[in-house]
Structures are given as C-alpha cells and as structure tokens.
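Here are my notes on the two-chain model you sent.

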Amino acid sequence: MRPLTEEETKTMFEKLSKYIGENIKLLVDRPDGTYCFRLHQDRVFYMSEKILKLATNFSRDKLISVGTCFGKFTKTKKFRLHITALDFLAPYAKFKVWVKPGAEQSFLYGNHVLKSGLGRITENTMQYQGVVVYSMADVPLGFGVAAKSTQECRRVDPMSIVVFHQADVGEFIRSEETLT
Amino acid sequence: MGRKLDPTTKVKRGPGKKARKQKGAEVELANFITEEDTGAKRLSSRARKRAAKRVQNLKKPEDITEKQPKKGFSDENSKWLKPTKRKRKMDEPESEDESEDQWEDEDEEEEEEKAPLQKKGGKRQEKKSVELGLKNLEEEEDDDDDDDDDDEEEEMVDDYGADDDGSGEEEEEEESDGDDLLPIERAAKKEKKLKESMAPSSDDDDDEEEEEEDEDDEQKSDSEMDEEDTIQTNIDDVDNFKLPSAEESEEGALSLDLKTVHQRIKDNIDVLCNFSAKREEGKARVEYLSLLRKDLCTYYSYNEFLIEKLMDLFPLSELVDFLEANEIQRPVTIRTNTLKTRRRDLAQALINRGVNLDPLGKWSKVGLVIYDSSVPIGATPEYLAGHYMLQGASSFLPVMALSPQEGELVLDMSSAPGGKTSYIAQLMRNTGVIVANDANADRLKSVVGNLHRLGVTNAVVCNYDGRQFPKVMGGFDRVLLDAPCSGTGVIAKDPAVKTSKDEADILRSAHLQKELILSAIDSVNAASPSGGYLIYCTCSIMVEENEWVVDYALKKRNVKLVPTGLDFGKEGFTSFKKYRFHPSLKLTRRFYPHSHNMDGFFVAKFKKFSNVIPSASTGKEDEKTEASEATEVTESPKKTAPKNKTVKDAPAKTNAQKKNAKTNGAAAKKQNFKTKGQQDSQTGPKKAKIAKMDGEPVKGDQVKKGTVEKPAMKSPDQTKESKTVKKDGSRFEKKQTKKGKTPLKMKNRMGKNAFKKMKHKWPKNK
C-alpha cells in the first residue's frame, strides 16, 4: 500500500470530477478526520488516517481491502471507477438521472437507460457528462455518462439511449469476484 | 414491447410434471374412515353405558319416535339449525342425544335418563307444530317423518360432526372452551391433538404450527406424555410395544417400511419414557435404545455416530422434535442495514414489492422474517442498494452479545461472508475500526462485496490464519470468534452433515477451535477501558466443540465468562457425560432449532481480566503453536516461580526482553501489555520466568546453565528450533502431569533431558 503518485492522483481526480465536480474537496477535507487515498494492488482505497495506521500491521499479500475501494488502474494506466465508490459519489453528484420503476430492473442488469425509462434528469446536463443514476425513490443505483444533453433528451424518440451504463449496484452480485 | 404470441410453439397447460400433487379428497376420506373405525373402540365407560341403554331404547315402542318427526332442535332455531347427520344406525339415538347435548345445553348431566329426554323432545315437537300453526297438517307431519327416516337410512360419511359420537364427550369434558366451536373446528382440533400426541411426525407440518408447538412444548410435555399414553393405547390394538427379538433385528428381518419404522420409534420412545411401567419383562433398556438408534438412523438417515451424540444431548422426548426440526427449513430472515435505512421504511418498500414479512421478534430491532415473496429476496433493488442483508436469526445473537461500542477496535476472526461483520459495523455506526479476517481468500470476496454494498467504510479485510493472529495484530477491544465447526446445528441447511461427520471430525474441529480461541483471547486487550470482551460462537451443538472448548480457554487464560446479555436460549452444560466443566458455563447460551426456531447455535461471552498469560508455570503455552519454549518451563510448579528471586541475571534479562518487545510491536508503544506487543512481551517475561524457575532449584550446573543460557540464544530465531523442542516437551509434560507433582525429582530429571536436547540444538543454532 502506498500513496498515489502525482500522475495517478491526477488521472483519478479527473475521473472523479466528471461525476462530482469540485466536490472532490469535500472528500479530502472532511470535518470528521483526515481521509486519504491509497493504492494497493492497483486498486485505490479511500480511508481515514486511523484505519490507515492500523492497516500497516498487515502484510501486502494478506491485505485484501481497506476502507472503501474507489476503483482500479488498468494496465494502460487509466482509472476505472467501481460501483463500490457509489456511496461517495451519490451524495456529491452534480448531475443526476432518475429512472422509472419499470426501467430500474433493466438498468440493474447492466443495460443503458433509454428515453422511455427516464424519469427525471438534472437541468443543463451536458452531453457526455458523468451522471449518477437514481431510482424514483432516490436510491442510488449506479452511474454512467449522459448520452444526450437535457435539451436533446426532450426531443429524442423513446427507444434511444440517454445514459450510457458504466456501473450499477447489480454488479455486487454479478461480478463479486472482480470488485477488489 | 412484450412477447408476441407464437402460434407454433404450444405452451403446455395444466400442472407441470413437478407440480406437487395435493392430497386429494380420497386421501382425506381414507384418513377419516380409519379414524372412525377406531372411534368405535374409543367409547368411554359412560358412553358404553349409554350405548347399552340405547340399544334397549331401540326396542321401545315406535309411537315415541313417530311422535317426533324431526329430531333435534325444537326451539326457534330449528328453522335453520340442522342436526348432525348420523352414520351408524346403531348409534342413532345416541347421536341424537349427543347433538342435543352439544347444541342445547352442554352442562346437562350425561347420565340423564333417555326417556324423559325423549318425552321432552316429543313435547317440544308438539309445541312446534302448534307454533307452526294450522298449516301443519297431519299428512305433512307424516311426510316429515318419512324424510327423516330416509335421512337416517343414508350413510353420511363426510359428516364431521358425526365424529364426535363416541369420544366427543371426553373431549368436551377436557376442554370446555371448545363449546362454541363448529363441529368441523372441533374435529380439526381433535385431529391436531391426536397428531401432537403421536410424536410430531408428519413432514407436512407447516412452520407456524411448528412454532406454536415449540412455544408450549415445555409446559405441556408432562401432561402430554400422559395423554399420549392413554390415546395411544386406545389407538393401537396391541397396547404394549414388543421389542423385536435380537435375531430378528440382526437378520434384518425388521420391516424397513418407513411407516412402521416411524410407528416403532414412537412406541419405543413411549416405552423408554415410562420404562418401569411399560417395559417388557427381561428386556434391558439398552436393547430398546439400540433398536431406537437403529430406527432413527433409518428413518432420518443419519449415521450412527451422530444419532448417538444427539441421543446423549437431548432427552428422548426432545430428540424427535429436534430431528423433525432439522427436516424443515428455518424461516428466511433479513437484517435491516441501519447505516442506510430504517426497518419501517425497508418493510414498506419490500411489502410494495410483494413480500410478505413480519418483525423477527421482540429481541431484535433490525430483523424481519420473510414468509413468502413474489420476487427473489436476494436480488431486489433494495438488496442491491444495501438496505438489508440476508442473515439467519441465529447470526444476530453473537453480535448482540458482543455489543460493540462506537469507536472501538473490533476483530471478526472468521468473518465470511460478512453478515456479522456488517452488523458490528452498523452497531458501531461506521466509527472505530473493524478487522475482518478469514482464512479462506475466496470467501473473502463475498466479505468485500457485502461490506461495500452495505456501506461499511471502517473495515479492514485481511486473510490470515486465525491462529497466527495475535502475532499480526493485537490490542482489540472486542473479538468475535465464529469458529469453524462441524455444523451440527445447521443440518436443515446442509443435510450432508447427517452422514459425513464422525468422531474424528468433531475432535479435529474441536482442536482447531481450541487453538483459535486461545489466539482470539490473546488478541484481546484486557486493559481496554470499554471492552476486553470475546465472543465465542459456533453453529454446532456438540459439547466437544462448545463447552469443552470454553472450559479449556478458562483454564488456559486469564478470562472469565460473563452473561451474554441474551435473555433467551438454554444454559450451557456444566457437566456432560464424562466431562465436568466450570460452573460458570451456565452463563453460556445454547439455541436449538426445535425450541427457538433458529439454527442450532452456541454463544459464550468472555471477559479478559489480565493480559498476562498464565502459561509459563502450568505449561499452558505449549498448546500454542508459536510460543513454544514452554516445555522447559513446565517442569517447575507454578507457585514457586514468582517467589524465587535468587537468580540475578534473570530479572535483568526480563527487562531487556521487555524493551525488545516494546520496540518490536507498534501497538505496544502505548502500554506495556498492549497486545500487539503482547506476543513479544509474553516471550520476554516468560523467558525470564523460565530462567527464574529453573534457576530456583539449584541442582546441578547443567540445569542452570542450560536454562539461563537458552533464552538468550533462542531469542533471535526462536520459532524454528522451538517447534521440535516443543513436541517432545509437551509429550513429556503430559506424562508428568499425569504422574502428579513431585517437584524435586522431576525437575532434576527433566532438567537433564532439556539440557540434552538443548545441547543437541545449540550447535545448529549457531
């Protein structure tokens, strides 16, 4: 486990900022203690200093996970957010999409959100903006990228895709092995 | 947009091949008839008298019967109230009598004379005809008469009320509250009672009934036994259960038909429960028991070993309940994740999805029982969003007993799949730190998944063998050890246990548990201001894996048992067969499937009161794999050790060791005995003790030299060498303890031995 390098930090924060914008600051400067990002086996974990200190007790190969896993660096050094980061994306998300109850299940199986399943969408969402997907009961279900801007969404036909799927909570079951 | 109807593929209609066939009416009827047949025999003495009278009455002049064209209810009710129809001609007047008794005035004396009653009936009839007015002509009355006769001629089998003919009276006497029941209800009640008395056997008992039975099981059992006796003797033609002869059973001539086996089990238990009265002359209890064991093995398909264990564990009356309970799945329960939602909200959300649920019980504020669900309960959006966790009711208990406080450092030693861990996190509200360990790396994936799904952010997941844990990290405020076990409490979940376990398996897991519990205790920090607790739990009900292990821990470490804080469950055993345990084992709790309707479970709560490991003197250390130099230490008796301060270099060494320990362990910085350093610090003082103790009996230079020198030599790489030493040592030590303590001589001898051993090892070391 080691702190992220400059470059890694930059890649990751760029990715994060697509979803929560400048709210990243809130992740790092928290009133309830210092929190930090650490890299462990290509995965980025977000944890408080207190846990970090304790985690030093464990050897590298025996340590599986600390705090919350945000995502991993691919072999090409890109950063991929995991669904496990949802707990920290959802409260700070700038742009949100709500899906109708009927389309909930479809999204949870890994499909894109279609116009017909779109319940609400934040005003002024730009195209390719990272969005967090909610159910109509305000339960965060995952995140993705807006395929159309809010304006376009009004016009397109019901079968066209409005949000590209990136991660959904169904992955907790579908791909449990690859979460960390 | 929906599936299109494809005319080419024809969908099959009707119940599928696997659709379970319901019991048809024929089956019901068959049951009924057999019961009726036996019913004839079940006449009480009074009923018999009455029957005799009735036969006489039959021969009485016809005019009375003619006078009463309609039997039964003479008052206003007669317009809608129909008397029960009868079945047997023989009983005609009786049933009439009966029905009147039942419906009109229950309190009437049963011995009431027949004749007056009939007269009364006649009178009423007359009255009625008057009431009915002039319309009623003579002919009509005659017609009525005829109709009635027809009715009587018919054999009405499907009449539930008729069932009450013979024994109804008894029933009523017993339960006066059944007065206002409909006949069908009464019949059902009776049937249920019968069933109950014949040892709860039928597999199709649904859960609720089971629960009900469970609740009043304990109070009833005594009275039930008596009842059982009477009823059973009535049912069986042969009152006494005859033990099949030895040859018969040896040759396998015994019927293997499940029904007969079941009946035999019932009878056998009946006899065994009341042995002096019901035994066959010249047959020993052992014979009955061996037959019973064999039958239980056949009927429930256990192996002999497990059945024998269970027979030791439960009284016979309870045994069958337990075995039956193992055939039924426990209800599905879920735990609300209070980190994300509240139970009320969750229940509402699930109900909206078509789930039928209820709160788990008074003892849990987060549990819900799922009765049935139209959606898979493990894949609802709420589940995926981490609002709840599928978890057996029994898994709540250890965590509740642990009662972790906010901000503490908690260890879950065998955490997969993370249910209990997440419950701990939720009780701590995501503060403090939880270390979730498991020995199996594959199973840790589910831990990681579940912890993330449930929004637990304060957990560290690691993959160590629990036995090494105090080496890795110590100083925990609370430790939960859900030890791997034989799983005899969860046979309902995994029926493979029935046949796959034998003595060796049990002992093997008991041994592992002993190792784990010691290392768990060593991980606890006794000096913790809020904690210092350890929960030991298993999903096994074997004494060897529970009380025995706990008792062992009590002997080996400075721990004591404290109340678990669970207000139900059965007390642990303080003595069991050959074992005699510490009396405080009463404070542990056992849970059984048949009495608590949750998986079989065992929970014990320890409080650690000192970080010092009492090992050194009594040779406790040698059980631990790592701390191994104990071998030499064991030689000297406990009491002499602390007193002795004669050897000078020993204390000095201790100090040095202690310093070492401090610098070694990161966590040990805070306190001398903080547990991270504990491992090391243990070795430190221990070695000192070794030195002291061996120095004390100043016998021969060898001893002194050997022991004093030894720790210094060992400290750099104790473990490698020590393992070999340890083996011999522990073996020796056992012998020694058996022999009893005759200190001087022993010490001398052992000193020599130890010295020799060491002599062998030194050169290698260097």
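A residue is called buried here when its relative accessible area is under 20%. The model is predicted, and the points below should be read with that in mind.

1. Leu357(B). This residue lies in strand S2 of chain B, which covers residues 355-361. Its relative accessible area is 11%, so Leu357(B) counts as buried. Leu357(B) is in contact with Ala347(B), Leu350(B), Ile351(B), Leu368(B), Val369(B), Ile370(B) and Tyr371(B), leaving aside residues up to four places away in sequence. For one of these, Tyr371(B), the separation from Leu357(B) is 14 residues in sequence, and the C-alpha atoms are 5.6 Å apart.

2. His387(B). The position falls in the loop of chain B between helix H17 (381-384) and strand S4 (388-390). Although in a loop, His387(B) is buried, at 13% relative accessible area. Its contacts, not counting residues up to four places away in sequence, include Val139(A) from the other chain. Within chain B, His387(B) touches Arg335(B), Thr336(B), Asn337(B), Lys340(B), Thr341(B), Leu346(B) and Glu382(B).

3. Gly170(A). In chain A, this glycine sits in the loop between strand S13 (161-168) and helix H7 (171-174). Gly170(A) is buried, with a relative accessible area of 4%. Beyond residues up to four places away in sequence, Gly170(A) touches Leu108(A) and Leu384(B), one residue from each chain. Gly170(A) and Ile83(A) are 87 residues apart in sequence, while their C-alpha atoms are 9.0 Å apart in space.

4. An unreviewed UniProt entry places the feature "active site" at Cys539(B). The residue is in the loop between strand S9 (533-538) and helix H24 (547-556) of chain B. Which residues does Cys539(B) touch, not counting those up to four places away in sequence? They are Cys485(B), Gly487(B), Thr488(B), Gly489(B), Val490(B), Gly600(B) and Phe601(B).

5. Helix H14 of chain B. Of the 10 residues in this helix (residues 304-313), 7 are buried, so H14(B) is largely enclosed by the rest of the structure. The buried residues are Phe305(B), Leu306(B), Ile307(B), Lys309(B), Leu310(B), Met311(B) and Leu313(B). They pack against four helices of chain B, namely H13 (285-300), H15 (316-325), H22 (497-500) and H23 (503-523). Strands S12 (575-576) and S14 (589-591) of chain B also pack against the buried residues of H14(B).

Technical notes. Residues numbered from 1 in each chain as written. Chains lettered and ligands numbered in written order. Predicted model: local features only at pLDDT ≥ 70, side-chain atom pairs only at ≥ 80, totals over all residues. Heavy atoms only, no water. UniProt positions renumbered as here; feature names shortened; annotations may be inferred. Helix = DSSP H or I, 4+ residues; strand = E, 2+ residues; numbered from the N terminus. Contact = heavy atoms within 4.5 Å. Buried < 20%, exposed > 50% of the residue type's maximum accessible area, 1.4 Å probe, protein only.
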